[in-house]
Amino acid sequence: MRVLIAPDSFKGSLSAPEAAQCIREGWQKVFPEAEFDLAPLADGGEGTVTALVQACGGSLRYADAHDALGRPLRAAWGVLPGLPGSTDFSGLPGSSGSPVPSISPRCAVIEVAEASGLTLIKEDERDLRRASSFGSGEVFRAALEFSHAEHASGAAAHPPHSANSGLPKTELPSPESLRPKLSRPRLIVGLGGSATNDGGSGLLRALGLRLLDASGAELPPNSGGAALARLAKIDASGLHPLLARTEILVACDVQNPLCGPQGASLVFGPQKDPKLTEAELWELDAALARFARLSKALTGRDVAEQPGAGAAGGLGAGLLFYTPARLLPGAELMLESINFSARAARADLVITGEGRTDAQTLMGKAPFAVARAVAGLAPKIAAEADQKVTAEADLRVTATADQKVTAAAPGASGNAPPVICISGSLGQGAEGLLQHGISALHPIVAEPCSLRYCMENAAALLRDASERAARLMKTGMRIKE
């Protein structure tokens, strides 16, 4: 049995890698011979870097940066291994059509919460008016420059392939054209868990953007979102030149616009700084609107109303205004980044989970994304199975001078592996997942207990629940026999 374990974190108690390990330990008690593939997930918030690094066999790096209040710290970011690909040269004159290998450079991943995270600021220190994303920009810059250095060294490490000697000399492509192609360096940015509300202006200043007041003086460094009320001009001429040559994918799981009643300030502001009055929140909203107007006039991009622009205190909008970023659902981006579909196709069973499963899970959280991805494998698995059956049947063809007899083989079911979900608790609407590819839902709580007890004993409870689920499955397998 091959088991793919892909849980999200159990927030407040277990990280995604810890949850995956607990599930494995419980399952292994019942199926000690099983093969396990651990693929911990995240949605772009805290733990995204660690989860991706562990799921992909990557490595951690550290950058000197500052927290949201300007205090120095060391922030982690990750490097994920590149994936092999191929470049089709069938269009070249005289080419045999065989693809020449290509190399995808290693991918860097950062999360805003590592430098500008809310959990890094004590409750009595939180000040949304001056909290800045500048530190996240410092981490961004380190990852950006590393990615391009890796890209350059990767190209140098793969010399051009030999030209096809069967081609006429006049049609030989140049050696440079036969060099393995490298796609653009990729940088993944997780937006969750920020303490800021500056539209990403702090991050962008760390990358070379200049914010000027009416006198032409720069706004104070690390000045936060409130200072944007004095913004008169934006100078983007010094933005880091590597930004335009980078594929920037942003993990974003909120749909809020930048401004207005559903914008960053009014919706998320009270969570980040409960001391602020409604009037102060509207002042921050007006400052973001000013930043958006000047940015639109400079870049020609109208992104303030785009879903996700209000993520991370408007950092989503800042990246859309000044970089080639694309905002993507966090869970889906995570699955793509860890090559989930290929790993699931090799599995006999997929186990996912999260801290609480309810109707909100169907809005795109990790278990729902896992179920959708696995369900999408069914047509591919069926097609590959049919091809295998046809090939095996062809081998059994017996031909004579007058007749040809084909031994038929049974058709393939084309079923994707079943998915079960083990969660800290099951809330209203969780049963809806049963209509979207989840085969079974298991809470970790076996008897009445307090939330505090569950949080403090989450690891043991998850191991026990995994063991119970495994024993139930083993019983079902015996009934089938």
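Predicted model: local features only at pLDDT ≥ 70, side-chain atom pairs only at ≥ 80, totals over all residues.
Visitor: How many of the nine residues of helix 2 are buried?

Guide: A residue counts as buried under 20% relative accessible area, as exposed over 50% and as partly exposed in between, with a 1.4 Å probe and protein chains only. Helices (H or I, at least four residues) and strands (E, at least two) are DSSP runs, numbered from the N terminus. In helix 2 (residues 48-56), seven of the nine residues are buried, and the helix is mostly covered. The buried residues are Thr-48, Val-49, Ala-51, Leu-52, Val-53, Ala-55 and Cys-56. Gly-57, with a positive phi near 70°, follows helix 2.

Visitor: What does the secondary structure of the protein come to, and what share of the residues is buried?

Guide: The protein has 14 helices and 17 strands. Of its 481 residues, 47% are buried. A contact means heavy atoms within 4.5 Å. Among contacts between residues at least 6 apart in sequence, 73% join residues at least 24 apart.

Visitor: How do strand 3 and strand 4 run where they are joined?

Guide: Two strands pair if DSSP finds at least two bridges between them. Strand 3 (residues 59-66) and strand 4 (residues 72-80) run antiparallel and are joined by eight bridges. One of the residues involved is His-66, whose bridge partner in strand 4 is Pro-72. The two strands form a hairpin with five residues between them, and Gly-70 in the turn has a positive phi of about 90°.

Visitor: Which strands pair with strand 11?

Guide: Strand 8 (residues 186-190) pairs with strand 11 in the parallel sense over five bridges, and Arg-186 has Glu-247 as its bridge partner in strand 11. Strand 12 (residues 326-328) also pairs with strand 11 in the parallel sense, over three bridges. There, the bridge partner of Leu-249 is Arg-326.

Visitor: Why is strand 11 described as largely enclosed by the rest of the structure?

Guide: Five of the five residues of strand 11 (residues 247-251) are buried, so the strand is largely enclosed by the rest of the structure. Both of its faces are covered: Glu-247, Leu-249 and Ala-251 are buried on one side, and Ile-248 and Val-250 on the other.

Visitor: Which residues of the largest nonpolar core touch the most other members?

Guide: In soluble globular proteins, nonpolar side chains tend to be buried together. A nonpolar core is a set of buried Ala, Val, Leu, Ile, Met, Phe, Trp, Tyr and Cys residues joined through side-chain atoms within 4.5 Å. The largest one here has 53 residues, of which Trp-77, Phe-140, Val-189, Leu-191 and Leu-319 touch the most other members. Helix 8 (residues 311-322) gives the most to this core, with eight residues. Not counting residues up to four places away in sequence, Val-189 touches residues including Ile-248, Leu-249, Val-250 and Ala-251. A second, separate core has 41 residues, among them Ala-6, Cys-56, Ala-366 and Leu-377.

Visitor: How many aromatic pairs does a search of the whole structure find?

Guide: A pair of aromatic rings is described by the distance of the centres and the angle of the planes. Rings of Phe, Tyr and Trp (its six-membered ring) pair if their centres lie within 6.5 Å; planes under 30 degrees apart count as stacked, over 60 as edge-to-face and the rest as tilted. The search finds four pairs. In one of them, the rings of Trp-27 and Phe-31 have centres 5.9 Å apart and planes at 20°, so the pair is stacked. Both Trp-27 and Phe-31 are buried. The rings of Phe-321 and Tyr-322 have centres 6.2 Å apart and planes at 55°, so this pair is tilted. Both Phe-321 and Tyr-322 are buried, and together with Phe-291 they form one aromatic cluster.

Visitor: Where is Asn-222 placed, and what is its phi?

Guide: Asn-222 is in the loop between strand 9 (210-212) and strand 10 (233-235). Its phi is near 50°, a positive value in a residue other than glycine. Asn-222 counts as partly exposed, at 29% relative accessibility.

Methods: Residues numbered from 1 in each chain as written. Heavy atoms only, no water.
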